[in-house]
Amino acid sequence: MCLVCLCDDEETELGRQQAPGSCPYCGGKVQMLDVERKWMFCFIPLCFKIKRKYLCSSCDRRLVLYH
């Protein structure tokens, strides 16, 4: 008998807005991206998170916010 378990990581974009400030690498505009992330194991949801990411619209780098 063969048992197959499926693990899935699904990421969905909820919204995108312009953030204040500029990119330290190229000086381009910064965008805030709200992302919903789901981790599933054998079709059972294990974790559900909503995160905010910051991206540069010119060079497409992911920016990290230190505070």
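This is a predicted model: local features need pLDDT of at least 70, side-chain atom pairs count only at pLDDT 80 or more; totals for chains, interfaces and linings use all residues.

Biologist: I turn now to the strands. In what order do the four strands form the sheet?

Modeller: The sheet is open and antiparallel, with the order β1-β2-β3-β4. Its edge strands are β1 (7–22) and β4 (62–63), each of which pairs on one side only.

Biologist: Over how many bridges do strand β2 and strand β3 pair?

Modeller: Strand β2, residues 29–41, and strand β3, residues 44–56, pair over 12 bridges in the antiparallel sense. For instance, Leu 33 has Lys 53 in β3 as its bridge partner.

Biologist: Is Lys 53 buried or exposed?

Modeller: The cut-off for buried is under 20% relative accessible area. Lys 53 has a relative accessible area of 17%, so this residue is buried. Not counting residues up to four places away in sequence, Lys 53 touches Glu 11, Gln 31, Met 32, Leu 33, Val 35 and Arg 62.

Biologist: How should I read a contact between charged side chains?

Modeller: The general idea is that side chains of opposite charge can pair when their charged atoms come close. In this structure, the count comes to five salt bridges. In one of them, the side chains of Arg 37 and Asp 9 meet at 2.9 Å, N to O. That pair links distant parts of the chain, since Arg 37 is in strand β2 and Asp 9 in strand β1, 28 residues apart.

Biologist: With which side chain does Lys 53 meet in a salt bridge?

Modeller: The partner of Lys 53 is Glu 11, at 3.5 Å, N to O. Because Lys 53 lies in strand β3 and Glu 11 in strand β1, the pair ties together parts that are 42 residues apart in sequence. Glu 11 counts as partly exposed, at 45% relative accessibility.

Biologist: What of Asp 34 and Arg 52?

Modeller: Asp 34 and Arg 52 form a salt bridge, their closest N and O atoms being 2.9 Å apart. Asp 34 lies in strand β2 and Arg 52 in strand β3, so this pair ties together parts 18 residues apart in sequence. Finally, salt bridges that share partners join Asp 9, Glu 11, Arg 37 and Lys 53 into one network.

Notes: Residues are numbered from 1 along each chain as its sequence is written. Side-chain values use heavy atoms; hydrogens and water are left out. Two strands pair if DSSP finds at least two bridges between them. Helices (H or I, at least four residues) and strands (E, at least two) are DSSP runs, numbered from the N terminus. Buried means under 20% relative accessible area, exposed over 50%, partly exposed in between (1.4 Å probe, protein chains only). Contact means heavy atoms within 4.5 Å. A salt bridge is a side-chain nitrogen of Lys or Arg within 4 Å of a carboxyl oxygen of Asp or Glu.
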